[in-house]
Amino acid sequence: MTQQLSRRLFLAGTSAAASAGIVGAANAQTPAGGAASVSVQEALKQRRSTKRFGRADVPRETVLEVLWAANGVNRPDEGKTTAPAWHGSKDVDIYVALEDGVSLYNSAANTLEKVSDADIRADVSPTAFVRRAPVVLIYVSDGQKLATAAGDIATSAPEELAIAARVNSAIMAQNVYLFCAAEGLGTCLLGTVDREAVKTALKFPDHLTVTYIQPVGAIG
Ligand SMILES: Cc1cc2nc3c(=O)[nH]c(=O)nc-3n(C[C@H](O)[C@H](O)[C@H](O)COP(=O)(O)O)c2cc1C
């Protein structure tokens, strides 16, 4: 029912946008090519945090569309992406926890690279609703990349780098919020993360920090 309503809103938004002469949100460079086209205004109207997920699975193709929205390459000539980053640091990678394991999003190739066969979705957060989501995005910042981007500039104090890691992650998360709003999917950014559990499960070295997680799935 919720999905049907969302679909109707999406279609209404599309036709309203078309009649108003608004160019849709879908980008010609979107690798999947078939992403929903709604106005930015409509996606903003629908943007919200979902804290109850349905059991329905999210197709792999949709997962890739979510990731492309988060931080996919939108300017191939320059290798630049949908999300800005502090001093172009490119420090944040997105890992995706699914039932069949965890993969790293390769934005340059727009592909998923398997890093673990373990299902860690129930371990990434103490928050109960995360456990029902079929897809959990894990934002991971590389402190070495941030330090390299910072160089010796005056703003590169450790606390500035810690803020940059979270801001860079959160901007990607807002892209995901808007994509999900346009597609009728649910999502929620969370700072309540069991960072040690993720770090241990994925054998992260100390310079990798989990900033946030973001479950994605059907609205329950
Ligand atoms: C940085 C950040 C961290 C958040 N962490 C959590 C969290 O740990 N648990 C949670 O349930 N919601 C979390 N949220 C979602 C907020 O609860 C939610 O955005 C807020 O209640 C407003 O609701 P809305 O997003 O529907 O407008 C977080 C949001 C942000 C921006």
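This note goes through the predicted model point by point, from the overall layout to single residues.

1. Basis. The model is predicted; local features need pLDDT of at least 70 and side-chain atom pairs count only at pLDDT 80 or more, while totals for chains, interfaces and linings use all residues. Residues are numbered from 1 along each chain as its sequence is written.

2. Layout. The chain holds six helices and eight strands. Helices (H or I, at least four residues) and strands (E, at least two) are DSSP runs, numbered from the N terminus. Read from the N terminus, the order is α-α-α-β-β-β-β-β-β-α-α-β-α-β.

3. Of the 220 residues, 37% are buried. A residue is buried if 20 or more other C-beta atoms lie within 10 Å of its own, exposed if 12 or fewer, and partly exposed in between, with C-beta atoms placed from the backbone. Two residues are in contact if their C-beta atoms, placed from the backbone, lie within 7 Å. Among contacts between residues at least 6 apart in sequence, 71% join residues at least 24 apart.

4. Core. The largest nonpolar core has 50 residues. Such a core is a set of buried Ala, Val, Leu, Ile, Met, Phe, Trp, Tyr and Cys residues joined through C-beta atoms within 7 Å. The residues with the most contacts inside this core are I94, V96, V136, L137, I138, Y139 and V176. Two or more core residues come from each of α3 (60–71), β3 (92–98), β4 (101–106), β6 (135–142), α5 and β8 (208–218). The top contributor is α5, with eleven residues. Not counting residues up to four places away in sequence, L137 touches I94, V96, V176, I213, Q214 and V216.

5. Helix α5. The expected span of a helix is 1.5 Å times one less than its number of residues. Just after α5, G184 takes a positive phi of about 75 degrees.

6. Helix α3. With twelve residues, α3 reaches 17 Å from its first C-alpha to its last, close to the 16 Å expected at 1.5 Å a residue. Its buried residues are V63, E65, V66, L67, W68, A69, A70 and N71. They pack against β2 (80–81), β3, β4, β6, α5 and β8.

7. β3 and β4 pair in the antiparallel sense over four bridges; two strands pair if DSSP finds at least two bridges between them. A hairpin joins β3 to β4 through two residues, and L98 stands opposite G101 in β4. β4 also pairs in the antiparallel sense with β5 (residues 111–116), over five bridges. These two strands form a hairpin with four residues between them, and N110 in the turn has a positive phi of about 55 degrees. N106 stands opposite T111 in β5, while the bridge partner of V102 in β5 is S116.

8. L104. This residue lies in strand β4. L104 counts as partly exposed because it has 18 C-beta neighbours inside 10 Å. Leaving aside neighbours within four places in sequence, L104 is in contact with D93, Y95, E113 and V115. The C-alpha atoms of L104 and S116, twelve residues apart along the chain, are separated by 9.5 Å.

9. Two lysines with positive phi. Most residues other than glycine have a negative phi. K90, in the loop between β2 and β3, has a phi near 50 degrees. K90 counts as buried because it has 20 C-beta neighbours inside 10 Å. K203, in the loop between α6 (195–201) and β8, has a phi near 55 degrees. K203 is exposed, with 9 other C-beta atoms within 10 Å.

10. Ligand shell. The ligand is surrounded by R48, S49, K51, T127, A170, C188, L189, L190, G191 and T192. A residue is near a molecule if its C-beta atom, placed from the backbone, lies within 6 Å of it. The shell divides into four nonpolar, four polar and two charged residues. Ala, Val, Leu, Ile, Met, Phe, Trp, Tyr, Cys and Pro count as nonpolar, Asp, Glu, Lys and Arg as charged, and the others, Gly among them, as polar.
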